[in-house]
Amino acid sequence: MALTALICDDSLLARNQMKKSLPAAFDAEIVTATNGLEALTVLRGQEIGVVFLDLTMPELDGVGVLEAIKAERMDVFVIVVSADIQPEMQKRVMDLGALAFIQKPVNTDKLSAVMRQYGLI
Amino acid sequence: MTDLSFTEEQRDCLQELINVAMGLASDKLARFLNTFVHLQVPAIGLVNAAEIPEQFRGQYQGLNSSMISLGFFGDGGLRGETILLYQLENAGKIAALLGYDDDATSEAEMLTDISSILTTTFLNGLAEQLDNSFSYAAPRIISSRDNDFISKLEQTAFHWQLALKVDIRYELTDYSFDCNMILLIPGEAVLKLKAILDNVLAEF
C-alpha cells in the first residue's frame, strides 16, 4: 500500500518545488497544507507516512507542529525543509524529533539521500 | 502602457525568494553577533513609489529616525536603491551588539555600517537565487534625527516607479528591533524582475 506524504509550506512555489524535487521512485500520494494548523488537522485526520515541513509559517510555525507531533505521540517521519538554517534552529528541530534538516531551496540529491537513508525510497 | 503589476503567482514566488534570502541574512547576522535570530515571515508589499512617503508617515514622522540609502546594480538591468529605515533609539542598541565603542566611532559611520550589514546580506541572498550578482554604491545617509523626514523620502522616491516594501523584525535572543527596508526599482528593472520570476515559476 502506497503511503501518503504531506507537504506543508505557506508558499505555493515552495510546495511545487518540493513536489517536483521528490524522487521518481517515491511511491506516495501527496497532500498539502499551507500552515501548521492545517498540517495538524491533516495529521489528526488521516494516516500520514512522512511530512515535509517548512518552519517559518503563519498561524502555527513548523516548531509548533513538531511540538504537537511529539506531545500527541504521532507516528510520522518529519523532514524539515527550511530557509532558517541557523545551527541553533537545526539543533532545536532535531531535538524535537525531526529525522533530517534540508536547506531551502530544496536540493534533489540531498533529499534523495535522506529518503534512501530512512527507507522511503 | 506596460503593465508593472505582479500576478499572484509572481508575488508568491518573490515572497518565497525573500524568505530564503532572509534565512541567509539571519544566519549570517546570528553568527556575526553570536546569538539566535528569531525568523518571522517578512511582510512584503508592492506599491507605486509615489505612495511610499504616505505609507511611512505614521510610523516615523516626528521621531528621531535614520534613513540610509544603498544603490545596487545587477546584471541585465536589474538595479535599484534600497532604503533602510529605523528609529534612531535602536541604533545605540544595535551598535552595542555589533561591538562598537561609543566614543571611537562617529554616528555616521555606525549608521552606514549597520545598514550595510543588514541590507547587503539580504540582497546578496536574493541575488544568488535570481542567478544574479549585485554590486553596491557607498551607503548614503539621507536623514537622521530631523523632522524633515517625509519630504526627504518624497525626494528619493520621486525618481523611481515601483517600490517593494519589506517589513522586517529582527528578534534576537535578548533584544528585538524593527526596521523597514524599501527596495525602489525603476520600471525596466521591474519588467526584468517579472521575467526572472516567470522563469523560476516555469521550472516548477
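**The surroundings of an annotated residue**

Modeller: Leaving aside its neighbours within four places in sequence, D54(A) is in contact with C8(A), D9(A), D10(A), A14(A), G62(A), V81(A) and S82(A). Please keep in mind that this is a predicted model.

Biologist: What does UniProt list for D54(A)?

Modeller: The UniProt record, an unreviewed entry, gives "modified residue: 4-aspartylphosphate" for D54(A). In the model, D54(A) is placed in the loop between strand 3 and helix 3 of chain A.

Biologist: Is D54(A) buried or exposed?

Modeller: A residue is called buried if 20 or more other C-beta atoms lie within 10 Å of its own. D54(A) has 29 C-beta neighbours inside 10 Å and therefore counts as buried.

Biologist: Which residues of helix 1 of chain A are buried?

Modeller: In that helix, residues 12-21, the buried residues are L13(A), A14(A), R15(A), N16(A), Q17(A) and M18(A). Their cover includes strand 1 (3-8), strand 2 (28-33), strand 3 and strand 4 of chain A, together with helix 1 and helix 6 (187-203) of chain B.

Biologist: How should I read backbone angles and peptide bonds?

Modeller: Most residues other than glycine have a negative phi, and most peptide bonds are trans. In this model, phi of E59(A) is near 70 degrees, a positive value, and phi of R73(A) is near 50 degrees, also positive.

Biologist: Where are E59(A) and R73(A) found?

Modeller: E59(A) belongs to the loop between strand 3 (50-53) and helix 3 (62-71) of chain A. R73(A) lies in the loop between helix 3 and strand 4 (77-82) of chain A. E59(A) has 13 other C-beta atoms within 10 Å and so is partly exposed, whereas R73(A), with 6 C-beta neighbours inside 10 Å, counts as exposed.

Biologist: Which residues does a cis peptide bond join?

Modeller: The cis bond joins K104(A) and P105(A), with omega at about -10 degrees. P105(A) lies in the loop between strand 5 (100-103) and helix 5 (108-117) of chain A.

Biologist: How does one describe the way in which two helices pack?

Modeller: One asks how their axes cross and which residues meet. The axes of helix 2 (residues 52-60) and helix 5 (residues 149-157) of chain B come within 9 Å and cross at roughly 155 degrees. Angles over 145 degrees count as roughly antiparallel, and helix 2 and helix 5 of chain B are therefore roughly antiparallel to each other. Their crossing is right-handed.

Biologist: Which residues of helix 2 of chain B meet helix 5 of chain B?

Modeller: From helix 2 of chain B come I52(B), P53(B), F56(B), R57(B) and Y60(B), which meet F149(B), I150(B), L153(B), E154(B) and A157(B) in helix 5 of chain B. The residues of this contact divide into eight nonpolar, no polar and two charged.

Biologist: How many residues does each chain bring to the contact between chain A and chain B?

Modeller: Chain B brings 18 residues and chain A brings 17 residues. On the side of chain B, helix 1 (residues 8-33) gives the largest share, 11 residues. The residues of that side divide into 10 nonpolar, five polar and three charged.

Biologist: May we end with a residue of helix 4 of chain B?

Modeller: T120(B) lies in helix 4 (residues 107-129) of chain B. With 19 other C-beta atoms within 10 Å, T120(B) is partly exposed. T120(B) and G77(B) are 43 residues apart in sequence and 18 Å apart in space, C-alpha to C-alpha.

Terms used:
Residues are numbered from 1 along each chain as its sequence is written. Chains are lettered from A and ligands numbered from 1 in the order in which they are written. This is a predicted model: local features need pLDDT of at least 70, side-chain atom pairs count only at pLDDT 80 or more; totals for chains, interfaces and linings use all residues. Axes are lines fitted to C-alpha atoms, for helices over the stretch in contact, and angles run from 0 to 180 degrees between N-to-C directions. Helices (H or I, at least four residues) and strands (E, at least two) are DSSP runs, numbered from the N terminus. Angles under 35 degrees count as roughly parallel, over 145 as roughly antiparallel, 65 to 115 as roughly perpendicular and the rest as oblique. A crossing is left-handed if the near helix is turned anticlockwise from the far one by less than a right angle, and right-handed if clockwise. Two residues are in contact if their C-beta atoms, placed from the backbone, lie within 7 Å. Ala, Val, Leu, Ile, Met, Phe, Trp, Tyr, Cys and Pro count as nonpolar, Asp, Glu, Lys and Arg as charged, and the others, Gly among them, as polar. A residue is buried if 20 or more other C-beta atoms lie within 10 Å of its own, exposed if 12 or fewer, and partly exposed in between; C-beta atoms are placed from the backbone. UniProt positions are given in the numbering used here, feature names are shortened, and annotations may be inferred rather than shown by experiment.
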